[in-house]
Amino acid sequence: MSELLNFNYPPEPAVDRVTLFADVILPLPLPKLYTYRIPFEMNDEVLVGARVIVQFGAKRVLSCIVADIHENAPADYQAKYILDVLDDKPIVTAPQLKLFRWIADYYMCTIGEVINAALPSALKLSSESRIQLHPHFNPEEDDIPLASQEVKIIYALQQNPALTFTEVGNLLQLKSYHKYIKSLIQKEAIIIFEQVSDRFSPKVVKKIRLTEHFVQEEGMLEELFNQLATKPKQLDILLNYLQKVPVHQNIHLNSAGIEKSVLANNPHLSKSSIDSLIKKGVFEQFDQIISRFPVDNTVSLQPMKLSEHQEQAKDEILGLFKEKDTVLLHGVTGSGKTEVYIDLIKHALEAGGQVLYLLPEIALTAQIVTRLIKVFGDKLGIYHSKFSDNERAEVWQGVLSGRFQMVVGVRSAVFLPFHNLSLVIVDEEHEPSYKQYEPAPRYNARETALMMAHLQGAKTLLGSATPSIETYYNCKTDRWGLVNMHKRFGEAQMPTIELINVREEQQRKNMHNHFSGKLVTAIEERLARNEQVILFQNRRGYAPFISCDECSWIPKCQHCAVSLSYHKYNNELRCHYCGYHERMPHDCPACGATTLRSMGFGTEKVEDDLKLMLPNAEVQRMDLDTTKKKNSYQQIIADFESGKTNVLIGTQMVTKGLDFENVSLVGILNADSIIHFPDFRAHERAYQLFVQVSGRAGRKGKPGTVLIQTRDPLQPIFRKVHSNDYTSLYEHEIEERMRFGYPPFARMIRITVKHPDEKISENAAIVLAKDLTDQLGTQLVLGPEVPYIFKIRNLFLNEIHVKLPRENVNLRAAKQAISKVIQQLYLLPDFKGIRVVADVDPA
DNA sequence: AGCACGCCGACT
DNA sequence: GTCGGCGTGCTC
């Protein structure tokens with residue numbers, strides 16, 4: 001049409017072919033973006049947020065994300081061409097790119113590191129990408145002129161199904177083999193083998209449904225019955241279909257159809273009859289991409305009934321959302337926060353927005369997932385670190401396509417490509433595991449979620465029974481809304497908490513290893529009543545260290561400044577920091593005595609001792625060592641839930657998200673190790689941990705009991721836990737924080753200097769601290785100091801803490817100053833090989 | 001992060 | 001005499 005109209009006009013001048021450039025984010029820890037030239041023919045294909053393939057350096061071929069497209073030719077270098085475009089739609093959304101920039105900025109890392117952490121590796125690809133012959137290319141017939149190097153490649157591809165780039169380089173004995181690959185791609189003789197299409201393949205099921213013809217018009221079904229009257233087998237199939245998909249009740253059910261295998265696997269029906277019905281045009285066959293996640297089809301559509309308190313909390317939250325973007329739901333364990341979340345999520349989904357529901361890793365259990373699937377069915381995406389890469393890529397694509405309207409996920413789910421977010425829920429908001437330690441980006445998913453919500457105009461609901469001091473402060477100062485739920489759901493009552501003075505019990509000779517007589521009796525009582533027990537010991541392994549009775553020798557890690565923990569199940573000594581392990585020696589390597597004794601105790605010893613004391617009890621242990629295997633976690637939970645296990649012993653893992661009706665006793669074996677922690681958050685943490693563990697005791701009318709073993713029962717923290725007095729904890733903590741200038745009154749940045757030489761590490765830290773002081777002032781820079789664990793993986797550590805008061809400090813400028821000082825430190829010849837890591841808002 | 005270029009020890 | 005150690009510096 002336009003050609004006809006243009007008939008009389010001169011052809012458009014060729015100059016109109018604009019030369020475009022793309023700034024790309026490489027998945028590498030590089031501070032800058034790199035500019036590539038877009039080949040004319042790709043002008044329309046290259047999109048911001050899509051992946052492209054570029055050559056970076058002499059050899060490497062990488063996929064990267066387009067951050068910007070422009071016409072500014074770089075002045076001081078020749079831009080290389082983009083080699084290929086991988087996506088016809090962006091896989092990173094605009095608000096995501098903004099978020100990623102914020103993360104890089106705030107957490108002092110590069111945007112490449114953010115991208116690298118964000119993309120599931122099925123969506124990344126590197127030099128390992130391969131080439132194969134173009135499916136339509138026939139080297140015998142196609143008469144394409146090929147250079148001799150190109151012939152070599154084609155020949156090799158006829159012998160091998162695919163070649164990596166490196167293999168091509170070796171084949172040609174050339175460094176710059178890439179132009180040949182490029183040329184062959186242009187000649188459509190080969191294609192680049194995307195790992196995306198290679199590694200990420202959606203799961204598909206074959207389904208059938210009635211053709212539209214039979215459902216659209218009234219009476220067509222009757223006619224169909226008449227038609228098939230003489231074909232009993234086919235009629236059977238039709239009846240069977242209508243029984244499973246009651247189209248006559250609701251014609252819309254037909255579009256979802258039914259899995260072909262359901263009918264085909266029925267012994268009374270024959271597959272060939274189904275096929276003839278398809279041929280006849282009665283049924284049509286179609287593929288449906290299905291989730292790799294088990295979907296419970298018994299989606300309960302009936303609205304779940306909220307209790308009066310839940311209903312009230314929900315209304316308050318919605319009311320506060322009218323004026324505030326962030327609300328904290330402060331609800332005791334067992335108050336039924338989850339139902340409130342589910343209700344709010346429903347509202348948000350009905351309004352057409354996307355929802356992200358964040359949980360700490362140990363709280364994202366099968367229990368909660370099953371519950372959500374029951375309500376949200378296949379709208380729900382699940383993002384868990386234990387999932388395979390394909391599964392993660394599937395969630396990513398599903399969020400992009402709109403298949404998953406909501407996602408429940410762990411920390412890294414904040415990277416998903418939401419573009420229309422309306423609600424974010426951060427459950428267990430206080431959890432330190434929302435903060436990533438290593439490697440960069442050292443982000444906090446709670447803060448990141450808040451920023452993401454802000455960028456997309458979404459509301460954020462934080463939930464906790466024991467809010468972080470920072471969060472509560474924001475509520476108290478009215479920046480955020482606060483909603484309380486202080487009653488347990490149903491008739492459930494708060495557990496009774498009882499302290500056991502270990503010191504006294506020892507004097508009375510009432511301790512059996514690490515169990516007080518009271519605790520053992522209490523456990524026996526529950527077992528007799530067929531009730532269940534959870535025991536908490538915040539240390540895995542058998543013993544944190546062993547020692548020789550004769551010479552006091554203690555085995556230490558060769559690479560880290562820690563003693564080795566004894567793990568009995570594999571008779572190993574193991575370092576919990578670097579993974580180093582050795583066989584447990586039979587006798588002391590230092591003096592030869594056979595008197596090696598384990599000191600202290602971990603979950604494994606608790607398990608051992610308990611089994612000796614109560615041989616009839618079914619005891620299970622849940623910690624990092626017993627849950628490494630893929631389904632072992634699930635199994636332990638299932639066994640406990642079914643009542644097969646009576647006593648569950650575990651670390652932090654047992655404190656979260658596990659709700660078992662029948663648990664009437666929770667024992668904390670050594671409370672003191674939790675309180676005495678050299679950190680300004682120690683009390684907050686201890687309180688949170690005690691309250692969370694206690695929350696496992698008692699449900700549905702039966703008040704539970706919590707027994708806490710301690711050597712120091714007068715610790716004020718116990719009184720607060722006992723009376724469930726969060727407010728008094730908060731008042732106390734916030735005053736301390738104010739007095740010493742800790743968060744929320746200041747932001748902390750922990751700078752760690754690492755070097756294999758102890759002296760160099762120390763000196764570099766001293767110089768760095770001085771430079772920082774020069775830049776920021778004395779009051780803001782603390783240290784350097786040698787941390788308690790002063791060596792990890794053969795690197796000696798020194799720490800500097802920078803405190804940036806909330807008021808009167810330009811955070812951005814301060815961080816830039818810090819980065820600059822670090823960069824300059826790298827240049828000093830005395831400190832070659834030094835590593836400096838900045839951790840913003842360390843946990 | 002890789003990978004190349006570059007300058008000093010034990011090997012055919 | 002060369003292969004190879006990993007130190008430093010760059011990658012659009």
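**Exercise 1. Pairing of strand β1**

Task: In this predicted model, find which strands β1 pairs with, in which sense, and over how many bridges.

Solution. 
Step 1. Strand β1 runs antiparallel to strand β2 (residues 34-38), and five bridges link the two. One bridge joins Asp-23 to Thr-35 of β2.
Step 2. Strand β4 (residues 60-70) also pairs with β1 in the antiparallel sense, over five bridges. Here Ala-22 has Ile-69 of β4 as its bridge partner.

**Exercise 2. Burial of strand β1**

Task: Decide whether the residues of strand β1 (residues 20-25) are buried or exposed, and treat the two faces separately.

Solution. 
Step 1. In a regular strand, side chains alternate between the two faces of the sheet.
Step 2. One side of β1 holds Leu-20, Ala-22 and Val-24, and these are buried.
Step 3. Six of the six residues of β1 are buried, so the strand is largely enclosed by the rest of the structure.

**Exercise 3. Strand β36**

Task: Describe the burial of strand β36 (residues 835-840) and its pairing with strand β32.

Solution. 
Step 1. Five of the six residues of β36 are buried, so that the strand is mostly covered.
Step 2. Strand β32 (residues 746-755) pairs with β36 in the antiparallel sense, with six bridges between them.

**Exercise 4. Helices α19 and α27**

Task: Classify the packing of helix α19 (residues 469-476) against helix α27 (residues 726-740), and list the residues in the contact.

Solution. 
Step 1. Two packed helices are described by the angle between their axes and the distance between the axes.
Step 2. For α19 and α27 the angle is about 95 degrees, and the axes are 10 Å apart.
Step 3. Angles of 65 to 115 degrees count as roughly perpendicular, therefore α19 is roughly perpendicular to α27.
Step 4. Helix α19 contributes Ile-469, Glu-470, Tyr-472, Tyr-473 and Lys-476 to the contact, while α27 contributes Tyr-726, Leu-729, Tyr-730, Glu-733, Ile-734 and Arg-737.
Step 5. Sorted by class, the contact of α19 with α27 has seven nonpolar and four charged residues, and no polar ones.

**Exercise 5. Helices α2 and α18**

Task: Work out the orientation of helix α2 (residues 94-106) relative to helix α18, and the make-up of their contact.

Solution. 
Step 1. The axes of α2 and α18 lie 10 Å apart, at an angle of about 140 degrees.
Step 2. Roughly antiparallel requires an angle over 145 degrees, so α2 is classed as oblique to α18.
Step 3. The crossing of α2 past α18 is right-handed.
Step 4. From α2 the contact takes Pro-95, Lys-98, Leu-99, Trp-102 and Ile-103; from α18 it takes Glu-447, Thr-448, Met-451, Met-452, Leu-455 and Gln-456.
Step 5. The classes in the contact of α2 with α18 are seven nonpolar, two polar and two charged residues.

**Exercise 6. Glu-431**

Task: Locate Glu-431, decide whether it is buried or exposed, and name the residues it touches.

Solution. 
Step 1. Glu-431 sits in the loop between β16 (421-427) and α18 (445-456).
Step 2. Its relative accessibility is 9%. The cut-off for burial is under 20%, so Glu-431 counts as buried.
Step 3. Leaving out residues up to four places away in sequence, Glu-431 touches Pro-360 and Lys-656.

**Exercise 7. Chain A as a whole**

Task: State how many helices and strands chain A has, and what share of its residues is buried.

Solution. 
Step 1. Chain A has 29 helices and 36 strands.
Step 2. Of its 843 residues, 52% count as buried.

Note on methods. Residues are numbered from 1 along each chain as its sequence is written. Chains are lettered from A and ligands numbered from 1 in the order in which they are written. This is a predicted model: local features need pLDDT of at least 70, side-chain atom pairs count only at pLDDT 80 or more; totals for chains, interfaces and linings use all residues. Side-chain values use heavy atoms; hydrogens and water are left out. Buried means under 20% relative accessible area, exposed over 50%, partly exposed in between (1.4 Å probe, protein chains only). Helices (H or I, at least four residues) and strands (E, at least two) are DSSP runs, numbered from the N terminus. Two strands pair if DSSP finds at least two bridges between them. Contact means heavy atoms within 4.5 Å. Axes are lines fitted to C-alpha atoms, for helices over the stretch in contact, and angles run from 0 to 180 degrees between N-to-C directions. Angles under 35 degrees count as roughly parallel, over 145 as roughly antiparallel, 65 to 115 as roughly perpendicular and the rest as oblique. Ala, Val, Leu, Ile, Met, Phe, Trp, Tyr, Cys and Pro count as nonpolar, Asp, Glu, Lys and Arg as charged, and the others, Gly among them, as polar. A crossing is left-handed if the near helix is turned anticlockwise from the far one by less than a right angle, and right-handed if clockwise.
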